[in-house]
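Please open the model in your viewer and keep the sequence panel beside it.

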Amino acid sequence: GRDAAFLVARGRDVTALDASEGMISAARALHPELSERLVQAPFPLPTGHQLQKQSFDGIYAAAVIMHVPNEELFEFAFQTKSLLRAGGTLLLSFSTERPGLSDNRDQTGRLFQERSPGEIQLLFERLGFRLLEQHRNGDAMVRGISWHTLVLKLTEGTGIGPVDQIETIINRDKKDATYKLALLRSLCDIAQTEYRQALWGADDTVSVPLGLVVEKWLLYYWPIVEADLLHEGKGVAIPQKRGLEINKPIAFRRDLRALVKHCSAGRGGLDTFHGDFRGGVLCAQVAASADAVLNKIAQTIVAGPVRYAGGAIDGDSRFFWQDGPISRKGQCRSSQGLVAVLGRIHMRGEIWRELALLGHWISEAIVLRWAELTHEISQKRVSVADAVDRLLVVPQPGRDQQRLRALYRGLPALQCVWTKTPIGPRKKFEVDHVIPFSLWHNNDLWNLMPATHAANSEKRDRLVSRQALRDSRDLIVGYWEATRTDNPDRFDYELGRSLLGGQTSSPNWQTPAFSALTEAIETVAWQRGIPRWPECKENMVSFVDPAAVTEEATESDSGRLAVAPLPGETLTDAGTEGWV
């Protein structure tokens, strides 16, 4: 009765359970205040026991679970869940490494089932619990035993974990169209690359701008609707709604088709539209067409997937909800305007946390499921492979890179951002993505830097190392300042949208911006296991073919090119005889 008395003394309403009549009697004798709180019963409880009708805010199982046989372990966990209220806390303590056991029993025959903390954690997480804390301690009686304590919380609302709820929407929710998948994919992308736009509520809820989701939808559906132009006069090429969209097409197809058609035929298509849209420089006719389709998409998002997503999940609470305007005709003519004038989409904080941690994996699963659903909706006329190809189309940065290349070429004493190698007037250079395009698909002006061809080729899709980033801070900030001077509105908007959460008016914006860039790079590297560049300098070996070294390269790269044998080899062994 010691632990029960401790809790009662601190104002808790306690029901204390033990299978042993002798233990119950001893507890009653030592702690008379527990007399009406003690229940003799085994756990798991037998069928029909009166305790099964009750519910509790917390369950404390001290040194219990290691005495539960394997065949009763799941029932133990399941009954624990059934006795807890949503959001309730479970505290488990159990031992491992107990000496002198034979066939999981001590010398008296008492069962001690050795289980790792990870095994116990997974058992309860599969039933909808989330780990809050975990501790490991030695034994107070110095018996060589390790004690483990797990504190778990039962997921509120549905009783299943957030990632399971997301999976349920992807695979089990009723889908008349591809809308729910588009909503989840857009939230995944925002959680990965524009997480600064998320606002946390006091009740552990999160909201993101509806306009951001709308813009993502425009990019997702553009390549799909674009196929209609090659299918002119023959209806919908790639249907996204059941019934082949014969009688009822997706709500914004007609408006999007008109926009796509206007931007095709030598006008640059999606790439040009996206750059002009982000820069707020669309011509009047295209801006009006974009405004019409974006307002229609916003209305579709709120009336469809925001309202109905999560229908296959048991529970009364909404998975998403929305507030603020869902239409502002005439004001959605640019990316900045779209994000500013529409309302916000809300969700529980635990859902957002999963999207932020696992969104890059979830997004890939959604693309495949979307392609499979398209194949099904089209009655197998559209292959999964063709659907995937179109769903993976993203605006390319060529036009922005050309503009920045011209800007950088005009700067005095141009240097490679990563190696500080001077880039002379005759020297070719690349415009490199700080965060590789393959990871973020981000063509924002702050993410594009001048680099030598050699550095760009070596870096490829790797992330720069923490030290390399720090070493290049002054160059990065200098190029940011030059780009901002050239295109202040777009630079501020993109920097605020991706890195600063809109706070670009500070006179010392460079410091928080660079800090946010560092955070973004380190987070992506950790979450996705991306290799860093350059590798540790002490272990780097460079071999340079003299035939490939032009006079221009020699002039600009002098003092940086090097050759060395691999450990245990000579230059001749390495096949580099004659190299310099």
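Begin by selecting helix 3 together with its surroundings: the buried residues of helix 3 pack against strand 3, strand 4 and helix 4 (117-125), where helices (H or I, at least four residues) and strands (E, at least two) are DSSP runs numbered from the N terminus, and contact means heavy atoms within 4.5 Å. This is a predicted model, in which local features need pLDDT of at least 70 and side-chain atom pairs count only at pLDDT 80 or more, while totals for chains, interfaces and linings use all residues. Residues are numbered from 1 along each chain as its sequence is written, and side-chain values use heavy atoms, with hydrogens and water left out.

Which residues of helix 3 are buried? Colour Leu73, Phe76, Ala77, Gln79, Thr80 and Leu83, which are buried in helix 3; buried means under 20% relative accessible area, exposed over 50%, and partly exposed in between (1.4 Å probe, protein chains only). They lie on the same side of helix 3, because they cover an arc of only 170° around the axis, the arc being that of the directions from the helix axis to the C-beta atoms. The end C-alpha atoms of helix 3 are 21 Å apart, which agrees with the 20 Å that its 14 residues should span at 1.5 Å a residue; the expected span is 1.5 Å times one less than the number of residues.

Next, select the sheet beside this helix. It is an open sheet of four strands in the order 3-4-6-5, with mixed pairing, and two strands pair if DSSP finds at least two bridges between them. Its edge strands are strand 3 (56-62) and strand 5 (129-138), each of which pairs on one side only. Neighbouring strands of this sheet are turned by 10° against each other on average, direction ignored; axes are lines fitted to C-alpha atoms, for helices over the stretch in contact, and angles run from 0 to 180 degrees between N-to-C directions. Helix 3 (residues 70-83) packs on the sheet, where it touches strand 3, strand 4, strand 5 and strand 6, and its direction makes about 145° with that of strand 4.

Within this sheet, show strand 4 (residues 84-96) and strand 6 (residues 146-154), which run antiparallel and are joined by eight bridges. Serine 95 has tryptophan 147 in strand 6 as its bridge partner.

Now move to aspartate 173, in the loop between helix 5 (162-171) and helix 6 (179-193). Is aspartate 173 buried or exposed? Aspartate 173 counts as buried because its relative accessibility is 5%, and a polar atom of its side chain lies 2.7 Å from the backbone nitrogen of glycine 310.

For another sheet, select the four strands in the order 7-8-10-9, which form an open sheet with antiparallel pairing. Strand 7 (199-200) and strand 9 (321-323) are its edge strands, each pairing on one side only. Strand 9 and strand 10 (residues 344-348) pair over three bridges, and tryptophan 321 has histidine 346 in strand 10 as its bridge partner. Helix 7 (residues 210-226) lies across strand 8 (205-209) and strand 10, running at about 55° to strand 8.

Finally, zoom out to the whole chain, which has 22 helices and 14 strands. Buried residues make up 49% of its 580 residues.

Definitions and conventions:
Polar contact = N/O pair within 3.5 Å; in protein donor to acceptor, adjacent residues only side chain to side chain.
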